Amino acid sequence: MRKNPTLICVPIMGESVDKMVVDMGKANASGADLVEIRLDGLKNFNPRENIKTLIKESPVPTLFTYRPIWEGGQYDGDENKRVDVLRLAMELGADYIDVELQVAREFNDSVRGKKPEKCKVIVSSHNYQYTPSVEDLSNLVARIQASGADIVKFATTALDITDVARVFQITVHSQVPIIGLVMGERGLISRILCAKFGGFLTFGTLENGIVSAPGQPTIKDLLDLYNFRQMGPDTKVFGIIGKPVGHSKSPILYNEAFKSVGFNGVFVHLLVDDIAKFFQTYSSNDFAGFSCTIPHKEAAVKCCDEVDTVAKSIGAVNCIIRRQSDGKLFGYNTDYVGAISAIEDGLRGRLNVSGGVSSALAGKLFVVIGAGGAGKALAYGAKAKGARVVIANRTYDRARELAETVGGHALSLADLENFNPEDGMILANTTSIGMQPKVDETPIPKHALGHYALVFDAVYTPKITRLLREAEESGATIVSGLEMFIGQAYEQYERFTGLPAPKELFQKIMAKY
């Protein structure tokens, strides 16, 4: 059951016709609606013979593109010959032809009266530098239409995620079939949410990294991860705001959970440089809720209309909800609950005790590495459970500031190496040290880990960081960031959906990682 008419097109970029035929079969099996055959990638190209074969062998409708170097493609030859090939593809039965705006008027004049009924001409324009203003984009669309296009296509480049909003504004109001895509990681949402905002098609690749333009997702992710076919104009958008953000498993967790209960929402990665600018731009009720990660948790507090008292005292927000009645933003902190309960469970397991009245953390010396948003949450949570808190940070002044707020002590990160006032301490890393791709890094040398009963790492990609591996070798109980991730996600899910969190499903989904 499809809830939107947006097509998924798989780019076929083989160097030989045989390879293209195999890939067209794979595209069909993956659920593609059509394939884009990139003729400019072929090594030995015999136009009439090859195009005939490709059309005959394709199990799905075909779109032919013969992209010249001057528009970001690989063809570097005679322009008349290139245009002749596109005319030939049309004649031989192609379903769609992609023609660049620069040559579209002449091309359309030359085929007037001879164009087969079933063939549609996509006229395209690519901007590899930036995304123009709404006014300039509107003028561009009018020029593409005037050139005789059946379908308008423009692709721009995202310098900031807010650029994509201008493209949504154009596509959602378009009276003609339109493809509006924004290239690069900051433009990823244009390729997913076009199903909500009325795009004619999007591109999904067969394999990761084998793309015909920067930032294309795989067809598998579009269909399985983002539930692309189930998106409609009324689908609510949720996402994780961070930088970097591509490593986050949140979209896997929430989209799977949304799908399991039939909740009409989609959860996406949001690579955000300036969080205030992000919220000013994406201010509609369509954008309903957000998780917030490094480095935006503290700045997020200022962006909210109201902040929960716990989040306010921590000074960091990791969950933001837009109230649908008036569009106001509400900020919460679910980090500390997720992390502290995971650490308490780990300690109880180590000491073989069941949960009593007082916390397993009461009276323990609790060392927090990092004074950012997550560091604040853990310091606050540990203090509330009766632990004695020490903050260690690269810049000592930030450690001291946080220590004063929670009534603890401060160290510089370098001092931590020789810090061993007692045995049985707790260590919690809240920095990104050791996160993919820098998996060889650790915030504290192995020889310093012998005095800790439990070591927690907020990083969960990889699940077992170097810090956790060395802590376990030193005899400590370890708690991975995955436990915190799942714990903090329960409350966020409930705030996003108004439904109880499917705890077993969350555990099951994350067990795969």
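## Basis of the description

Residues are numbered from 1 along each chain as its sequence is written, and side-chain values use heavy atoms, with hydrogens and water left out. In this predicted model local features need pLDDT of at least 70 and side-chain atom pairs count only at pLDDT 80 or more, whereas totals for chains, interfaces and linings use all residues.

## The sheet

An open sheet is formed by 8 strands in the order E7-E6-E5-E4-E3-E2-E1-E8, with parallel pairing. Helices (H or I, at least four residues) and strands (E, at least two) are DSSP runs, numbered from the N terminus; two strands pair if DSSP finds at least two bridges between them. Strand E7 (178–183) and strand E8 (201–203) stand at the edges with a single partner strand each, so one side of each has no neighbour in the sheet. From one strand to the next, the twist averages 25°.

Strand E2 (residues 34–38) is largely enclosed by the rest of the structure, because 5 of its 5 residues are buried (under 20% relative accessible area, 1.4 Å probe, protein chains only). In a regular strand, side chains alternate between the two faces of the sheet. Leu34, Glu36 and Arg38 point one way from E2, while Val35 and Ile37 point the other way.

Strand E1 (residues 7–12) pairs with E2 in the parallel sense over 4 bridges, and Cys9 stands opposite Leu34. Between E1 and E2 the chain passes through helix H1 (residues 17–30) in a right-handed β-α-β crossover (with the strands pointing away from the viewer, the path from the first strand over the helix to the second runs clockwise). E2 also pairs in the parallel sense with strand E3 (residues 62–65), over 4 bridges; here Glu36 stands opposite Leu63. The β-α-β crossover from E2 to E3 goes through helix H2 (residues 47–57) and is right-handed.

## Strands E4 and E5

Strand E4 (residues 96–100) and strand E5 (residues 120–126) run parallel and are joined by 5 bridges. Asp98 has Ile122 in E5 as its bridge partner.

## Helix H9

Helix H9 (residues 250–261) has 12 residues and reaches 17 Å from its first C-alpha to its last, close to the expected 16 Å (1.5 Å times one less than the number of residues). Its buried residues include Leu253, Tyr254 and Phe258. Just after H9, Gly262 takes a positive phi of about 70°.

Definitions and conventions. Buried means under 20% relative accessible area, exposed over 50%, partly exposed in between (1.4 Å probe, protein chains only). Axes are lines fitted to C-alpha atoms, for helices over the stretch in contact, and angles run from 0 to 180 degrees between N-to-C directions.
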